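Subject: Structure handover

Hi,

Here is the structure I promised you. Please open it first, then read the notes below it.

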Amino acid sequence: MQTATPVRKVSRPRADALRNRERIVTAAREMFVEFGPDVPLDEIARRAGVGNATVYRNFPDRDALVREVVCSVMDRMALVAQGVLEENGDAFEALSRFVHSAADERISALCPMIQSAFDKNHPDLEAARERLEDQTAAIMERAQRAGQLRDDVGVGDLMLAVGQLSRPPAGTQCVGVDRFVHRHLQLLLDGLRAPARSELPGTSVTMEGLRRA
């Protein structure tokens, strides 16, 4: 007679624990944008409305929290990209919506944190980055095939320009310049339309090229 193999129950986080984790990530994202990645973790806990122990239970160190925030932003941007790719409308308008959404996610403020001391080759970060870069490339390629996006620009050109245009100049507050960001992004998008009105110096920039720069 065979003995039944016991079924191991897989514990799942409680709903309130998941909500607390989401609140911590949201608060951290807001404060990283406002104050940079060195903001005290107890200040993040206070904004999230949780105790310090809850923060450390979810994220054992600052690197883990920074990585989660960056990955969550890239994952949301990948969802936006997937959404515009599934639409059958104007290819350049889809690119425009993606660019403006990237600015709203404060990509410019969060991406520099990837260059900080934490593990840039962490599997979670690499997976999120690869998804976003592949979908951004697909959006651009569709607009180029439609003859709407100039063919001498690459993903690196686009993401670098979006980051630079949505980052406040030195000596100015982030919130104070928000109202100008989309205006300047629209100027960028107008310059990306085909046919190109000028010849760009150099060659198109890839994300891999940016990482090696």
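A crossing is left-handed if the near helix is turned anticlockwise from the far one by less than a right angle, and right-handed if clockwise. Helix 4 passes helix 5 in a right-handed crossing.

First, the ground rules. This is a predicted model, where local features need pLDDT of at least 70, side-chain atom pairs count only at pLDDT 80 or more, and totals for chains, interfaces and linings use all residues. Residues are numbered from 1 along each chain as its sequence is written, and side-chain values use heavy atoms, with hydrogens and water left out.

**Overall**
The protein chain has 10 helices and 0 strands. Both are DSSP runs numbered from the N terminus (helices H or I, at least four residues; strands E, at least two). Of its 213 residues, 39% count as buried (under 20% relative accessible area; exposed is over 50%, partly exposed in between; 1.4 Å probe, protein chains only). Among contacts (heavy atoms within 4.5 Å) between residues at least 6 apart in sequence, 72% join residues at least 24 apart.

**Helix 4 and helix 5**
The axes of helix 4 (residues 62-85) and helix 5 (residues 91-104) come within 10 Å and cross at roughly 165 degrees. Axes are lines fitted to C-alpha atoms, for helices over the stretch in contact, and angles run from 0 to 180 degrees between N-to-C directions. The two helices are therefore roughly antiparallel (over 145 degrees; under 35 is roughly parallel, 65 to 115 roughly perpendicular, the rest oblique). Met 77, Val 80, Ala 81 and Val 84 of helix 4 meet Ala 94, Arg 97, Phe 98, Ser 101 and Ala 102 of helix 5. By class, that contact has 7 nonpolar, 1 polar and 1 charged residues. Ala, Val, Leu, Ile, Met, Phe, Trp, Tyr, Cys and Pro count as nonpolar, Asp, Glu, Lys and Arg as charged, and the others, Gly among them, as polar.

**Helix 1 and helix 2**
Helix 1 (residues 15-35) and helix 2 (residues 41-48) have axes that come within 8 Å and cross at roughly 125 degrees. This pair is therefore oblique. The crossing is right-handed. Its contact has 8 nonpolar, no polar and 5 charged residues.

**Helix 9 and beyond**
Gln 186 is in helix 9. At 33% relative accessibility, Gln 186 counts as partly exposed. Its C-alpha atom is 8.5 Å from that of His 100, 86 residues apart along the chain. Pro 195 lies in the loop between helix 9 (174-192) and helix 10 (207-212). A cis peptide bond joins Ala 194 and Pro 195, with omega about 5 degrees.

Best wishes
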